[in-house]
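I opened this notebook to keep track of what I looked up, starting with strand pairing and ending with helix packing.

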Amino acid sequence: MEQLSIFDMGTDQGTAPGLAPLADRMRPQSLEDYVGQRHLLGEGMLLRRMLEKDMVSSMIFWGPPGVGKTTLARIVANRTQSDFVNFSAVTSGIKEIKDIMKQAEERRAYGVRTLVFVDEIHRFNKAQQDAFLPYVEKGSITLIGATTENPSFEINAALLSRCRVFVLKELDEEDLKRLLFHALRDKRGFGGTEVHMEEGLVSILAAFANGDARRALNALETAVLNGQIAPDGSITVTEELLEQCLGKKTLLYDKKGEEHYNLISALHKSMRNSDPDAAVYWLARMLEAGEDPLFIARRLIRFASEDIGIADSQALQIAVAAYQACHFNGMPECNLNLTQAVVYLTLAPRSNALYQAYENAKSDALTMLSEPVPLTIRNAPTRLMEELQYGKGYVYAHDTEEKIARMTCLPESLKDKRYYLPTEEGAEGIFKERLERSRKFRRADEKE
């Protein structure tokens with residue numbers, strides 16, 4: 001197979017090709033070219049209205065990698081006729097921040113706005129973040145921070161309170177396919193070369209990217225630059241080549257179609273049936289086909305409470321730890337983290353008592369919405385509430401020898417209902433015994 005060098009890729013306009021990666025060359029320049037984030041940029045949506053009215057304030061873009069945070073910041077700068085300053089939280093320090101702020105103040109005196117974009121703003125320490133505060137408050141700059149981490153935990157409260165947070169979502173497969181086809185046709189991409197690539201292979205690339213546009217375009221670039229070159233200069237990308245580029249088999253798997261739901265159902269039911277061999281197989285089928293490991297981890301968290309509950313409370317902790325490990329490690333390193341969680345959950349004792357308890361309580365809650373809270377367990381923060389007997393008869397359980405107060409906490413019409421019916425499985429047997437003692441003690445008051 002003959003390989004095509006990037007230096008051979010030109011355009012029919014005769015311009016020399018640049019060395020910029022495809023993802024950078026294809027970066028949208030306007031809202032019209034921007035793909036995804038319709039919940040923010042669709043007609044009538046908040047961020048679009050702010051841009052159309054030129055009422056842009058400081059903001060934080062929070063979302064996973066490759067969803068267009070940097071691109072959107074550049075578009076905002078262009079729409080608002082602002083000078084664009086790109087900061088890296090990895091390489092910039094306090095001195096660089098102060099120098100840029102000084103320049104921004106000078107430009108402001110001439111009526112020129114400065115938009116400062118800080119990528120990975122969560123990597124800035126407190127002092128660095130605080131350095132922006134006075135300039136954001138005065139309006140000397142418009143700050144746009146991009147982060148993959150929850151801003152509530154990673155951004156100083158003072159700075160966060162002065163920024164509007166917009167959550168950017170992963171691109172869906174249709175968005176990614178649109179980007180990939182555009183890259184194949186556009187002159188900035190491979191529009192100057194005839195590329196033969198079946199639509200099904202483009203779909204596989206879109207699924208492989210897991211919502212990350214940069215990952216999708218990088219994979220496309222690798223495939224095309226290593227494609228088979230015909231005498232007429234055209235390039236053919238085959239399934240075999242794509243498998244080599246992606247480092248995996250292009251397994252039959254549509255993350256939005258029936259097979260997606262069939263496989264997650266197979267995993268869940270294999271675990272429920274205490275079959276670790278089948279569970280690990282279905283786990284591998286999904287991961288090797290490109291499924292998002294965080295999606296699987298979220299399903300394990302659900303399983304831990306729905307099928308195990310307090311028969312083994314450790315199960316939920318392990319499932320949550322597996323999710324965190326997937327977040328930290330990503331694929332392929334997190335495959336063993338998920339395998340550990342799957343096997344543990346598969347062999348843990350079974351109880352769906354929590355699931356049944358909530359479903360039964362939900363049914364009553366939806367049909368009995370007007371049931372009043374018993375006066376005994378209402379708070380009485382005002383004199384009027386005390387006069388209305390709010391909290392009358394309330395007993396603080398910790399003041400009793402048994403640590404249980406003989407009170408009815410359900411509405412009168414439901415006082416005899418039992419939602420949680422524990423099993424004898426695992427640790428739940430201990431809770432069942434404790435619950436029966438508690439109920440017996442509280443019923444004793446009713447017999448007196």
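Predicted model: local features only at pLDDT ≥ 70, side-chain atom pairs only at ≥ 80, totals over all residues.

Residues are numbered from 1 along each chain as its sequence is written, and side-chain values use heavy atoms, with hydrogens and water left out.

Next I followed the strand itself. Helices (H or I, at least four residues) and strands (E, at least two) are DSSP runs, numbered from the N terminus. Strand E3 covers residues 114–119, and five of its six residues are buried, where buried means under 20% relative accessible area with a 1.4 Å probe and protein chains only.

I then asked myself which strands E3 is joined to by bridges. Strand E2 (residues 83–88) runs parallel to E3 and is joined to it by six bridges, with Phe-87 opposite Val-118. Strand E4 (residues 142–147) is also parallel to E3, through five bridges, and there Val-116 stands opposite Leu-143. From E3 the chain passes through helix H6 (residues 126–138) to E4 in a right-handed β-α-β crossover; right-handed here means that, with the strands pointing away from the viewer, the path from the first strand over the helix to the second runs clockwise.

Stepping back to the sheet, I read the order E2-E3-E4-E1-E5 in an open sheet of five strands with parallel pairing, two strands being paired if DSSP finds at least two bridges between them. E2 and strand E5 (164–167) are at the edges with a single partner strand each, so one side of each has no neighbour in the sheet. Helix H4 (residues 69–79) lies across E1, E2, E3 and E4, and runs at about 175 degrees to E3, angles running from 0 to 180 degrees between N-to-C directions of axes fitted to C-alpha atoms, for helices over the stretch in contact.

Last, I looked at helix H9 (residues 173–185) and helix H11 (residues 213–225), whose axes come within 10 Å and cross at roughly 40 degrees. Among the residues of H9 that meet H11 are Leu-176 and Leu-180, and on the H11 side they include Leu-217 and Val-224, contact meaning heavy atoms within 4.5 Å.

Definitions and conventions. Buried < 20%, exposed > 50% of the residue type's maximum accessible area, 1.4 Å probe, protein only.
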